[in-house]
Amino acid sequence: MVIEKICCLGAGYVGGPTCSVIALKCPDITVTVCDKSEDRIKQWNSDKLPIYEPGLDDVVKTCRGRNLFFSTDIAKGIQEADLIFISVNTPTKIVGNGKGRAADLKYVESAARMIADLATSNKIVVEKSTVPVKAAEIIMKILRANTKPGVDYQILSNPEFLAEGTAIVDLIEADRVLIGGEETPEGQKAIQELCWVYEHWIPAKNILTTNTWSSELSKLAANAFLAQRISSINSLTAVCEATGADVAEVAKAVGRDSRIGPKFLEASIGFGGSCFQKDILNLIYLSECLHLPEVAAYWQQVLSLNEFQKTRFTRKVIESLFNTVTDKNIAILGFSFKKNTGDTRESPAIHVSKTLLDEGAKLHIYDPKVEPEQIYYELTGTYVKTEHENIKKCVEIHDTAYSAVTGAHAIVLCTEWDEFKELNFNKIYEVMMKPAYLFDGRKILDHEALQRIGFHVQTIGKRLARTGSIRAQGSLTMP
Ligand code: UDX
Ligand code: UDX
Ligand code: ADP
């Protein structure tokens, strides 16, 4: 079979960008991205896409209407496709067996049941959502228990490694593509067919093929290793602050060892995003189910350290502000879980904001890409408007950083947006309450220059020489 038509179930952060790039690189393939949410599909067909991702607008503009389509007609998408990606959401279970740890596979299961109901010809079904090991087996069981005459299924695992904010570059210049399938002749043939799709732009040597379970476990392992690096460097930030070491210098020295490497050693207020915590929880749950408590405890510690880091940072903010933030105006700069995305899932800014609100603070939040409704949702846990009205008494969302900081007792920088480095901190100092405090949770600002302006500055993993005002002594070098 030569793949002529691809359908993707789920037009989210994974399905949308991935299929857009496949359409860009494979003009001979028609790609239809389907979602059950009419609103989402309407946005994908509009000028304002539902997700912000650098470079995505251009790719969609080039391909949409040519060989890339966004549709709610799931039945047609499934029936016409030779290959179907399952890219639906897989949140952590909030009730029942394994709640708080196991992935909720109800959307994956319902996608598989839809395919079983609607397919009238052979399909290669590809699991792309991040899923626990053995999820392919669930898809396989559902499809094979409902096989109709003349319809055969091959199930592949093809995890996506893109990071938000760099999704398009990650997809176009992928370090590797991983495809897992059954070790039967039919399974191997299906693997080769998906390889052919990627070979339109990925060198064959970068396409790795494995058995299904290795592919699924590799995805969890890659995210767990990345998160572990961040927890490792973050664990040292407290040691640096206590001893006078500078975590940036330590990270540089450690990263120079070619066995360790320099990437992903940026100390922070903790990692966020939809994948790291969820995938480690999956790994912990799997280890517990396999009666491996030591393995589960090992990975649990990566998450515990991340919680510790968020709490430690917030505690430092409160203690510095004379141990009370009641009725104080605090400017939160950045709410997304990292720069260049509007995604707030598991963002450390949520933890910081909620703790400060519990202590009675008034928050003034600015983020270049996160919609106000999304911020209210994260702080209330609901899209119900009346709940949002309640929280608006203590939370104001601003259009600019300058507006957010006006009259603030403190600035808490939570996301490393580049535009924060370009702010005029002389101007900001003038409009803040004094003493003016600044907490840089991402280590992106010039702390000595800020101190010369008069700010009391604290950051992560470095004890600053002076935190008092030295305005009189130095020239103002900030823009
Ligand atoms: C280590 C550091 O590598 C070195 O930089 C430092 O200066 C001293 O400590 P060493 O202990 O001599 O060096 O050997 P190393 O090659 O690091 O191996 C240490 C142990 O880890 C060995 O038992 C080795 O078998 C084991 N190992 C190493 C693994 O089990 N897996 C690996 O992938 C690498
Ligand atoms: C991650 C993986 O990188 C990607 O391969 C996988 O497909 C999905 O999960 P993502 O969550 O989008 O991607 O972003 P990532 O760049 O990994 O950042 C995750 C979190 O770690 C962010 O909150 C980021 O700020 C934080 N981080 C990252 C650090 O605190 N320090 C670092 O050095 C790197
Ligand atoms: P991810 O970050 O994994 O891409 P998202 O939550 O951004 O997750 O996107 C998942 C999308 O999948 C959502 O837009 C949701 O509406 C969609 N979805 C869930 N179940 C189905 C289904 N059975 N068919 C089509 N779309 C689905």
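Biologist: How many residues surround ligand 2, and which are the closest?

Modeller: A residue counts as near a molecule if its C-beta atom, placed from the backbone, lies within 6 Å of it. In this predicted model, local features need pLDDT of at least 70 and side-chain atom pairs count only at pLDDT 80 or more, while totals for chains, interfaces and linings use all residues. Residues are numbered from 1 along each chain as its sequence is written, and chains are lettered from A and ligands numbered from 1 in the order in which they are written. Around ligand 2 there are 19 residues, the closest being Glu-266, Ser-268, Phe-271, Gly-273 and Cys-275.

Biologist: Why does ligand 2 lie between domain 1 and domain 2?

Modeller: Domain bounds come from an automatic or database domain assignment. Ligand 2 lies between domain 1 (5-202) and domain 2 (245-479) because both give residues to its shell.

Biologist: Is Cys-275 buried or exposed?

Modeller: A residue is buried if 20 or more other C-beta atoms lie within 10 Å of its own, exposed if 12 or fewer, and partly exposed in between. Cys-275 has 25 such atoms within 10 Å, so Cys-275 is buried. An unreviewed UniProt entry annotates Cys-275 as "active site"; such annotations may be inferred rather than shown by experiment.

Biologist: With which residues is Cys-275 in contact, leaving aside its neighbours within four places in sequence?

Modeller: Contact requires C-beta atoms, placed from the backbone, within 7 Å. With those neighbours within four places left aside, Cys-275 is in contact with Thr-130 and Asn-223. By the same definition and exclusion, Ile-411 is in contact with Ala-331, Leu-333, Val-405, Leu-438 and Phe-439.

How values were computed
Contact = placed C-beta atoms within 7 Å.
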